[in-house]
Amino acid sequence: MYKMKESDQKCNYSHDWEMGFRFSDEEKVDKLKNSITVSRSRVKLWMTRAITTVLLWTCFVQLMALGELWRPKLFITWPSRCCHLDSPLALQSSSSSLPYKVFLPPKRIYKSNGYLMVSCNGGLNQMRAAICDMVAIARYLNLTLIVPNLDKTSFWADPSDFEDIFDVDHFILSLRDQVRILRKLPPRLERRFESRMIYSLSPISWSNMSYYLNQILPLVQKYKVVHLNKTDARLANNGLPIEVQKLRCRVNFNTLRFTSPIEELGRKVVQMLRDKGPFLVLHLRYEMDMLAFSGCTRGCNNDEVDELTRMRYAYSWWKEKVINSELKRKEGLCPLTPEETSLVLSALGINRNVQIYIASGEIYGGERRMETLAAAFPNLVRKETLLKSSDLRFFQNHSSQMAALDYLVSLESDIYVPTYDGNMAKVVEGHRRFLGFKKTILLDRKLVVSLIDQYSNGSLGWDEFSSAMKEGHSDRNGSSNKRVMDPDRPKEEDYFYSNPHECLETWEEPLRSS
C-alpha cells in the first residue's frame, strides 16, 4: 500500500515535472516572441527618428540655401558682376533684394610651408589694404597666416586689436577654402616670438610675387615662422596673377566685415541721414596729422605752422622734413582747406541745402576754420552731432573704430567727395566702384587750386570759375575705366584698391586650389 502510494507520488511528481518543463518551454517561447516584438518596435522607432532627423536636416540645409532669409554670417559667394553686390549695410536692410547663398566653404587641404606673422602699420584703411595683401601672399606661398596685429604705436595710438574692429570668426571661416588662419602661433613658436627669437623683416615695397616666392618663402621654410613688421604697399599694383588680384578683392569686399557694434551704429547713422533725404559725404582731410606730414599750412597762423613743424620733426618715419607749403599746394599735393572746399562744392553746383556728412577726425583750427563752409552749406553734420555721447562712449579714443563708422557711411552716401587722395579716400573709391560705380567726385587738386587762385585775384568771374570747375570734373566721377600703370614709378601709378578693375568684371574663375 505504501509502495503504491509512493509509486503514485513518483508518477504525480514526474507528471508535474514534465508539465512544469513544458510550461517553462512555452513561457520562454512567449518571452522570446515578446522580446522580438519589442526589438522590432525599437528598431522601427529608431528608424523613424533617424529618417525624421535626416529629413529635418535636409530641410534646414535647403532653407540655408535661401540666402535672402539669412544674414551672411560665414561666407558670401561671389556675385557674377560688381553691380549686383549691395553695400555692407544694405545687406541687412529691407530694401536689399539680392539673394545671398550662405555656407561654410570646405577647408582647403594643403601642406603648410610655415607660419606668417604680420604687424600692420598706419591707419585703418592702410592696414585694411595690407591685410588683403598678406592673405594673398600667404595663399600664394601655401603658408598658415596668423591673425594680423594692428598698429598701436603710430600717431593715432589706437589700442584696438583685430577683433575689436573686424569680425575675426568671419575672417577665419570665410577664407578656409583658401588659406589656414590661426588666432595665435602654436605654444612653442609663440614662446619664441615672445622671446624675440622670430625672424623679422620689412619686405620691399611694391614687390611682385616672384620676390615673395624667391626671397620670403625660403626664410619661412628655414625658420618655420617669419614676421613681416611693415605691410603698407608691400605688394605691387599690377603684374600679378589674376587669381591673386581677385583674392585681394574678395578679402576687401567680403571677408573684412566690421564687428556687429560698428555695423549697427553705422546703420543707425545712415538711417538718420536717409530719413531726411539724400546726403553727401565730404572726406575733409584737414586734420593735424595730415597737415604735419604733408607740410601744408595754407590758412594757418604762425603758431599753428610752428606746431605742425615740430610734430613733423618728432616722427622719425616721416622722412620729408623741409617742405615748401605753397609750392606743394600749387602742385596739387595738399589737402584742400575748408574754405577752398566750400568754393569747390558751390562751383560744382551742389545744392546748399543738401545734408553734408563730414567724415574726418578733428578739423585743425576747429570751428574757426569751418565757418565759411558752414555758412555756404548749413546742413553740416558729423557722427558726434547725430549720435548721443552714450552711443560713442565705447569708440572714444579708438580712432580706427571711429574711422570704420565713417567708412560705412561713406559707402552708403549718394555722393562721396574726398579732399585728399589718402588711404581712406582711395579704398572707399574702389569699394564704391565695386558696389556699382557709385558717384565719387575725384577732385583734380592741381586744377582746383589754379582755378581758385584765378577766381580769388579777379582773373575769373564766378560763372567762368564754375563752368571751368564743372568741365574739369565731368569725367572724374568714379566711373568704369582701367588703372593707369607705370611699372617704373609704382608709387605714382593708380592704386590697385582705388580701381580694382580686375574685380569689376565676371567672377567666373575660382582661385586654383593647387
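This is a predicted model: local features need pLDDT of at least 70, side-chain atom pairs count only at pLDDT 80 or more; totals for chains, interfaces and linings use all residues.
Residues are numbered from 1 along each chain as its sequence is written, and side-chain values use heavy atoms, with hydrogens and water left out.

Helices (H or I, at least four residues) and strands (E, at least two) are taken as DSSP runs and numbered from the N terminus. Strand β6 (residues 279-283) pairs with β9 in the parallel sense over four bridges, and V281 stands opposite Y416 in β9. A parallel pairing over four bridges also joins β6 to strand β7 (residues 355-358), where Q355 of β7 is the bridge partner of F279. In general, strands of a sheet pair through backbone hydrogen bonds, either parallel or antiparallel.

Strand β9 (residues 415-418) is covered on both faces, with I415 and V417 buried on one side and Y416 and P418 buried on the other. Here buried means under 20% relative accessible area, exposed over 50%, and partly exposed in between, for a 1.4 Å probe and protein chains only.

Axes are lines fitted to C-alpha atoms, for helices over the stretch in contact, and angles run from 0 to 180 degrees between N-to-C directions. Helix α8 (residues 260-274) also packs with helix α16 (residues 399-412), at an angle of about 45° and with their axes 9 Å apart. The two helices are therefore oblique to each other, a class left over once angles under 35 degrees count as roughly parallel, over 145 as roughly antiparallel and 65 to 115 as roughly perpendicular. Contact means heavy atoms within 4.5 Å, and the residues of α8 that meet α16 include I262, L265, V269 and L273, with A404, L405, L408 and V409 among their counterparts in α16.

Helix α16 has 14 residues and reaches 20 Å from its first C-alpha to its last, close to the 20 Å expected at 1.5 Å a residue, the expected span being 1.5 Å times one less than the number of residues. Because 13 of its 14 residues are buried, α16 is largely enclosed by the rest of the structure. Helix α2 (residues 124-140) has 17 residues that should span 24 Å, and its end C-alpha atoms are 25 Å apart, which agrees. In α2, 16 of the 17 residues are buried, so this helix is likewise largely enclosed by the rest of the structure. N142, which follows α2, has a positive phi near 55°.

Not counting residues up to four places away in sequence, T231 touches V118, S119, C120, N121, A130 and M134. Leaving aside neighbours within four places in sequence, S342 is in contact with T372, L373, A376 and F377.

Technical notes
Two strands pair if DSSP finds at least two bridges between them.
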